Amino acid sequence: MIPQIHKQGSNTLGLLHYLYGEGTHEEHVDPHLVASFDGMSPDPGRDASVTKKDLQELLDQPLHLLPADQRPDKHVWHCSVRAAPDDPILTDEQWADIARRIVAATGIDPHDGAGCRWAAVRHADDHIHIVATLVREDGRRPDHHRSGKRAQAEARLIEKDLGLHRVAPGDGTAAQRPTSAELHKAKRQGRERTAREELRETVRRAVAGATSESEFFNRLAAAGLLIRKRAAPSGDLLGYKVALPDDRNKDSEPVFYPGARLAPDLSLPRIRERWSADGDEISSTGTAGRATPNSPSPARRRTASAAWTAITVVEHGDDALAAAHIAAAGEVLDALAKTSAAHTRRELRDAAFAFERASRSHVRAERGHDRALRQAARDLVHGGPALGRGEDGATTAMAIDMLFFLITATAHWHAKKGHAQQAAAARQAAEHLRSAYQAAAAQPLAVLYQRGRRLNRPLLQKQTALLRAALPELAEPILAEPGWYALATTIADAEAAGHDPATLLSDAVERRELETADSVSEVLVWRLRRLADLAADASGVPDHRPAKGPSTVLPAASRHASSGRRRGEEAAGNTR
């Protein structure tokens, strides 16, 4: 349940005309009164003999208790209360009780016998509007200080009492939600998201890895946005507004949104904080190039390495440094979504969209220490769109895998700080990353699996023994996973490249949680291939002494239980 306190106004009748009217897009259905200060107020929605003027005069009557020069200019208090999308449709009686609780909690009508006059109007299934006059029956002004926070606190109790969706408490750092008018406009125009949300996403992508104002505004223009800049008399740039070319108001003029209205961290001063902290340490041109078919994809490898390092900072570092890395992780997700291949694009876009809420809190970020992640975001943008196959596709899976654990660490960090909304947003982003990973990893893991199935028996026995010696607590679960063959191949590749596999395995699990992994063996595949600088795409790598006789080839993504049993039996047999 989401209460929202709107700006105070001076025209009670004008607000009633809107509430009882058809709405800006004819979205109002059966407007009627559900509750009022005395329970007997006239309802122009259900009584044809009553006018909106009658209701307005009744509500505003306490104003006349004050001399004209003492009446408040902004005497109209307006609060909307909206149910969550997955809540059941509430009855008028339930909405009436909710309205009485909200006006009591906010100080509008505290049940002391002389509260403000108010009325609650319902014109949709999922919300009501409460209108009140900010003069009490005894002529005094109400104590409605911090009424927004008080309404939110009461909403949490209402959710519990009525068994409704429990909304995580906020901390004032969330981006502004789309208004009802914006939602209806998007629906009417067939948009998946509102103009506000599309602009927020586009501006965030333009910020990702940018190092100067000129680059930022060039990216906005390249994305097709209309831009208005606000300058001081001296010529110094103070701010900016953006609009979608096809988002127009009733006068056919573009609807512009200031950066700060899209999200608190998208104002020009807040964006400048990222650039001022970068110094000269972020490459102005980016270091990533397009990957050739059988070479590493530098941008995605750099992303994986930066995410790997950032996990330790978020889990064990100073709060200000952790906050900076979390914010920069948002840039990386935006850049990865922008440059993703078709089969991962939707999930990566949804991950970035969800994580936006997790990228801010009241913990002030100490910028400058997040350069590696910001450089990774820049490299991704300059590297261009991923091919979705070969080394591009495999290193994308590697990067997503590392980012999943970084975002999971972020969720844990926010939860420990009591940032409920941010923790929930990070968990949601992690689930989208999980889905994106499955799409990206299926092909490269299948190649590794096939090579693992062709390993000769003595070599597979050796890898099994090595695993049990290096990771005794994890070995048996790993040996039962479908990804064991891909890991066995990776261990063999690392050893062939001159590395000590036992050391790599120890480094891969040290201080990095694995509890949230669907497949520990797959996680270790990507960590080892990154640590050993092995090609992520192993399709061109020769086998290690192929086994004699035919072998059955199954894709790693199939996850059949029968193959899992077969692997466990085979691993056990290899040590006998």
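Modeller: Happy to! Let's start with the pair H10 and H13, which are roughly antiparallel to each other, a term used for angles over 145 degrees. This is a predicted model, in which local features need pLDDT of at least 70, side-chain atom pairs count only at pLDDT 80 or more, and totals for chains, interfaces and linings use all residues. Residues are numbered from 1 along each chain as its sequence is written, and side-chain values use heavy atoms, leaving out hydrogens and water.

Helix H10 covers residues 298-316 and H13 residues 371-383; helices here are DSSP runs (H or I, at least four residues) numbered from the N terminus. Their packing angle is about 160°, and the axes lie 9 Å apart. Those axes are lines fitted to C-alpha atoms over the stretch in contact, with angles running from 0 to 180 degrees between N-to-C directions. The two helices cross in a left-handed way, the near helix being turned anticlockwise from the far one by less than a right angle.

On the H10 side, the contact (heavy atoms within 4.5 Å) is made by Ala299, Arg300, Arg302, Thr303, Ala306, Ala307 and Ala310. H13 contributes Ala372, Leu373, Gln375, Ala376, Asp379 and Leu380. By class, that gives eight nonpolar, two polar and three charged residues.

Along its length, H10 has 19 residues and reaches 28 Å from its first C-alpha to its last, close to the expected 27 Å (1.5 Å times one less than the number of residues). The buried residues of H10 include Trp308, Ile311, Val313 and Val314, where buried means under 20% relative accessible area (1.4 Å probe, protein chains only). Ala299, Arg300, Thr303, Ala306, Ala307 and Ala310 are also among the buried residues of H10, and each of them takes part in the contact with H13. What covers the buried part of H10 includes H11 (319-338), H13, H14, H19 and H20.

Two of those neighbours round out the picture. Thr410 is found in H14 and is buried, with a relative accessible area of 0%. Leaving aside its neighbours within four places in sequence, Thr410 is in contact with Val314, Ile326, Phe355 and Ala426. As for H20, 11 of its 12 residues are buried, so H20 is largely enclosed by the rest of the structure. The cover over the buried residues of H20 includes H10, H14 and H15 (420-453). Just after H20, Asp533 takes a positive phi of about 55°.

How values were computed:
Parallel < 35°, antiparallel > 145°, perpendicular 65-115°, else oblique. Nonpolar A, V, L, I, M, F, W, Y, C, P; charged D, E, K, R; others polar. Buried < 20%, exposed > 50% of the residue type's maximum accessible area, 1.4 Å probe, protein only.
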